[in-house]
Amino acid sequence: MTSMISPLDRRRHLTGMAFITPTMLVIIAILVYPILQSIVLSFGQSSIDGSEPYQFVGLKHYAALAGNDRFWNALWVTLLFTGLSIPLELAMGIGLAVLMNEHFRFKGIARLAVLFPWALPTALNTLMWRWMYNTDYGLFNAAALQSGLVDRPINWLGDETLAMMSMVIVAVWKTSSFMALIILAGLQSIPRELYEAGRMDGMTRWQEFREITLPLLKGPILVALIVRSMDALRTFELPFNLTDGGPVTATESLSLYAYKVIFDFIEFNYGAAIVVVQFLVIFAMSLLYILTLRNKD
Amino acid sequence: MKFTLPALAAAAAMTAMPVMAQDLVLSIGSRGYGPAVERNIERYTAENPGVSIEWNKVSDVPGETRKLYVTGLTAKSPTPDIYAVDVIWAGEFAQRGWLQPLNGLLDADTIAAFNPSLLDAATVDDEVHALPLYADGIHFFYRTDLLEKYGLAVPQTWEEVLAASQTILDGEGNPQLYGFVSMWAKIEGLFMNWLAFTNANGGGFYDAEGNIAVNSPANIAATQFMVDLLHEHRMAPDSILNARPDDARTLFQQGRAAFLMVQDFVHAPLSADNSPVAGKFDFTRVPYFEGHEDANSTTMGGWFLGINPNSENKEAAADFLASFTAQEQQLAAAVEDNRAPTIPAVYEDPSMGSNEVLAKFGANYDFGVVRPSANSGSKYPRVSEIMQLEITNALHQQKTVEEALNDAQAQLEALMAE
């Protein structure tokens, strides 16, 4: 087949290569290299400053992980957080998108307001929420106490269930707008004629939503789900700033646990093993979504 | 952490005046050593016009600062040149090669002036790796006005604290008022608290033979008291489980707690002119459990100053370090800011007598207990983490006290066998 490529095609091919090479090099340097490095680290024992040579130890760190309750807890917390927040974000996102797609006064301002939480850095948002959740000075307890709903302040971030719930609320508040944005783009690409035809056939608004809107939104919804799930499975700033993984380890995500192992205990190899497992979980999740997406097409 | 470009620094040094200009970066929190840091920098740069010192104000929560240092030191960053080291890291950092040995940089007399037991914490392979800047410990602060109002004596035992607290809370009938606050978030301060409570009951981290014995009956009883304080007697707010030192201090300062247990540094903000409790509080030694009046229940801490081995200005850094920790600076910090000196000769200065607060701090240090950092070396962060986690498990009633401490004991034994 190569003989059939004309000189012109070859030149074009080379030009193309020349254009993408710098980008590829950057991606390899900042993405592929660290990933490979993490994998190598996770199978060995080495000192962090290179003063002791790297020693291959095989699956030692992975075997230790298998018997480490705190690791399993972190994995569970990560999956629970993802499982709780993503469906809520999706529901909120669809709702917000449908609303923003309607015509009403101050629509521009409303759209801006919806995007605001997403535009702010997670760390900043989280610290703001931490104050609102504060047991002694927080907004929620002030409201709950003054309205007489409770007579003792609720320790929002100090109770296992409430802390996870509080974390999910912050995530939903922050990222529903991102879901909404992607879904809104999808909504706007649905031809109006379909709704007109539906109306002629006497469809109700609910039927329109069920039969026209939702099926045509499948693509954008899946894209939003992939991006958000990957984000949620990696969640770090949220528990780090809101609860520091507490109470005990009730909100300690995989990223946060890996961070503690690496930077508190200075065990880079063991930490790398946690990161690799996390990578595999995210990879599997993405693969699942992509396969689903392909089947639907 | 600031990363100055070495090349840029070198260029700046070369283009400078006949005297070689030296740029030093000092990394220390703004709270721990208080106004003495600013004063020392101003004095030193006035005396040494060729030196400029940039103060990198790091967090006063040790765990946060530690992460910052670990990142920079692992990457062999040349900044900061001089940095403050918690007493519990001194041995570990020295072992890891993150502190420049000082024996070649400072003369023997300078080093010999310091309290030898403090120097021990930073001595590895017979070399001193950092100089102690100040010592501190946890103290028991109380509201004098509330005790007076109910005719109560200053409680000496935990049993008395409980009784006094109940009298005050019943009498005041204010749901916004709590009995006892401290730093029970899952931080190093929680482990310090636990050591204070358990030592006050004749227990502690080690048994009499020096073996780790965190699940001893005395420790179980003391830890159970902590749990009961919160859950049964309802003397502490639920938020004590999220409280860091300043959270506890804030509650007490706003008049919302009768008793507070934290380190020395809170004395300054509590007695400031704008503090609602100024003139209405005092402090005493950490209480003990009945029958243990000799207990060493003041958990000690302290900070060192050391030099980054990757610093490009080690000589200049050593000179500043020696000046910063010198006897006369320590005396000023002691008399003016109540910071406990680390050079024994300072205590003999007549002007020390004028500072009653520091004298009382000193009396409490006589009942001092140190954390097991020197014996644990580079394993200390994990020792502390195990303890913080299991104590938290008990305080959150996820485990019984006995289960939590048994689990801690098992994990510590496994760790030490590694």
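Because the model is predicted, local features need pLDDT of at least 70 and side-chain atom pairs count only at pLDDT 80 or more, while totals for chains, interfaces and linings use all residues. Residues are numbered from 1 along each chain as its sequence is written, and chains are lettered from A and ligands numbered from 1 in the order in which they are written.

Chain B contains 19 helices and eleven strands; these are DSSP runs numbered from the N terminus, with helices (H or I) of at least four residues and strands (E) of at least two. Its radius of gyration, taken over C-alpha atoms, is 22 Å, close to the 22 Å that the globule rule gives for 418 residues, so chain B is as compact as a globular protein of that length. That rule is 2.2 Å times the number of residues to the power 0.38. Along its principal axes, the C-alpha trace of chain B spans about 70 × 50 × 35 Å. Buried residues account for 51% of the 418 in chain B, where buried means that 20 or more other C-beta atoms, placed from the backbone, lie within 10 Å of the residue's own.

Chain B splits into domain 1 (7-136 + 300-369) and domain 2 (137-299 + 373-417), with bounds from an automatic or database domain assignment. The C-alpha centres of these two domains of chain B are 29 Å apart. Where they meet, 26 residues of domain 1 and 24 residues of domain 2 of chain B take part in the contact, which requires C-beta atoms, placed from the backbone, within 7 Å. On the domain 1 side, H3, H4, E10 (298-307), H16 (356-365) and E11 (368-369) of chain B each bring at least two residues.

Helix H3 of chain B deserves a look of its own. Covering residues 62-74, H3 of chain B has 13 residues and reaches 18 Å from first C-alpha to last, close to the 18 Å expected (1.5 Å times one less than the number of residues). Its buried residues include B:Arg66, B:Tyr69 and B:Leu73. What covers the buried residues of H3 of chain B includes strands E1 (22-29) and E2 (51-58) of chain B, along with helix H12 (254-264) of chain A. Just after this helix, B:Lys76 takes a positive phi of about 55°.

As for the two chains, 17 residues of chain A are in contact with 21 residues of chain B.

How values were computed:
A residue is buried if 20 or more other C-beta atoms lie within 10 Å of its own, exposed if 12 or fewer, and partly exposed in between; C-beta atoms are placed from the backbone.
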